[in-house]
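I opened this model to look up its strands, its helices and its pocket. My notes follow in the order in which I looked.

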Amino acid sequence: MPTKENIAKMNADKRAKSKKPKVHQKIANTFIDNAISRSNFSSLKTLYYLSTVLSGTDMSDIQDDKIIGIKIDKREMLKFTDLTVDTIIKTTKQMQETAITFVDADGVIEGMSLLPRYKFVPNKNVIELDLYVRIAKMIVDVEKNYTPINIKDLMLVKNAHSLRLLALLCRILNYDKDVAKRKRMNLDELNMLFGTNYKSWSMIELKIIKPIKEDLDANSKISFAYEANFDKMGKGRPGFTDV
C-alpha cells in the first residue's frame, strides 16, 4: 500500500508534470535577495525558468522537507532560455552541488541541496528534476513578498550581472505609485548584489554598471539611470558615498 508520503509526492508530481512556462511570473523576494548573487548566468536562467514551470503548483499541503518532482520539455527549455543541452547539464550538476542553509529563530540549522536529483535521458525530450518543497517555495511564492517579473525579458540579457540588477529593477518598478522609483546603494550593498569585492566605485562603474546599462538598453524593456554621490571630507578627492 502506498504511504501518505508517497501519495503526496505522486500528487505533486502529477500537478507539476509537463507544465508549460508562464512568461509573467511572481518571484519571491527571498529568492531575489538570497540566491541571485551566488548564482552564475546559466544557473540564474535555469532557476528563473523553473519559476515559470512551478507557477500554479499547489504546495500548500506538502511539508517543506518533502520533494516535488518536475518533468520539463527539454525543447521548450532550450528555446526559452537560449542555453545549450551541454550547458544545462553542466548547470544542473553545479546546482546539485550547491546547498542552501536555513537557520530558524531557535538556532536550528538545516541544509538542503538546491537540486537533489536530475535525470537526462539521451534522445528523450523530457528532463526530470526533483526539488525540496522549501526550495520551490523560495523560488516562487505568490502569497506574500514577491516581485512580478516578465521572465522572457530576463532571458534576452547577456550576463549574470544584468540578470541580478534586472530583478531589482523589476521590484523598484512595482513600488507603490506614491513611492519614488529609485534606490540608493553603497559600495558594500553593490558588492553584495553582484557577488563582487571591488574596493572603489570607479571599478564597479567600469566593470559592472556601465556594461549592464549597455546590455539592458540593447536587450531589455527596462533600463535605468544612475547618479553617484560623493562626500568631500577635508583635503583630497571626494569619497564615494552611494549611487
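How many bridges join β3 to strand β4, and do they run parallel or antiparallel? I counted five bridges between β3 and β4 (residues 109-113), and the two strands run antiparallel. The model is predicted, so I kept to its limits: local features need pLDDT of at least 70, side-chain atom pairs count only at pLDDT 80 or more, and totals for chains, interfaces and linings use all residues. Residues are numbered from 1 along each chain as its sequence is written, and side-chain values use heavy atoms, with hydrogens and water left out.

**Entry: terms for strands and helices**

I took helices (H or I, at least four residues) and strands (E, at least two) as DSSP runs, numbered from the N terminus. Two strands pair if DSSP finds at least two bridges between them. By this count the protein chain has ten helices and nine strands.

I looked up two bridge partners in β4: G111 for T101, and M112 for I100. Which side chains of strand β3 are buried? I100 and F102 point to one face of β3 (residues 99-103) and are buried. Buried means under 20% relative accessible area, exposed over 50%, and partly exposed in between (1.4 Å probe, protein chains only). In a regular strand the side chains alternate between the two faces of the sheet. The hairpin has five residues between its strands, and G107 in this hairpin takes a positive phi near 85°.

**Entry: the three-stranded sheet**

I next followed an open sheet of three strands, in the order β2-β6-β5, with antiparallel pairing. β2 (67-73) and β5 (117-120) are the edge strands, each pairing on one side only. From one strand to the next the twist averages 15°. I noted seven bridges between β2 and β6 (residues 126-132), and in β6 the bridge partner of I72 is I127.

Which helices lie across this sheet? I found helix α3 (residues 41-54) across β2 and β6, running at about 100° to β2. Helix α5 (residues 85-96) lies across β5 and β6, at about 160° to β5. Axes are lines fitted to C-alpha atoms, for helices over the stretch in contact, and angles run from 0 to 180 degrees between N-to-C directions.

**Entry: K74**

I placed K74 in helix α4. Is K74 buried or exposed? K74 counts as buried, because its relative accessibility is 15%. K74 touches V85, K124, N125 and I127, leaving aside residues up to four places away in sequence. Contact means heavy atoms within 4.5 Å. K74 and I127 are 53 residues apart in sequence, yet 6.0 Å apart in space, C-alpha to C-alpha. I127 is also the bridge partner of I72.

Most residues other than glycine have a negative phi, and most peptide bonds are trans. I noted D82, with a positive phi near 60°, and N123, with a positive phi near 65°. D82 is in the loop between α4 (74-81) and α5, and N123 is in the loop between β5 and β6. D82 is exposed at a relative accessible area of 62%, and N123 is exposed at 80%.

**Entry: S162**

I found S162 in helix α8 (residues 160-173). S162 is buried, because its relative accessible area is 0%. Its contacts are V157, I212, D215 and L216, not counting residues up to four places away in sequence.

**Entry: the largest pocket**

I read a volume of about 550 Å³ for the largest pocket. A pocket is an open set of points on a 1 Å grid over the protein atoms alone, where a 1.4 Å probe fits, with protein on both sides within 12 Å along at least five of seven lines; lining residues have an atom within 4 Å of a point. Grid points are joined across faces, edges and corners, and the volume is the space filled by probe spheres set on the points.

The lining has 22 residues, and R182, K183, F224, A225 and Y226 lie nearest the centre. α8, α9 (187-194) and α10 (201-219) each supply at least two lining residues, and α8 gives the most, with five. The lining divides into 15 nonpolar, two polar and five charged residues. Ala, Val, Leu, Ile, Met, Phe, Trp, Tyr, Cys and Pro count as nonpolar, Asp, Glu, Lys and Arg as charged, and the others, Gly among them, as polar.
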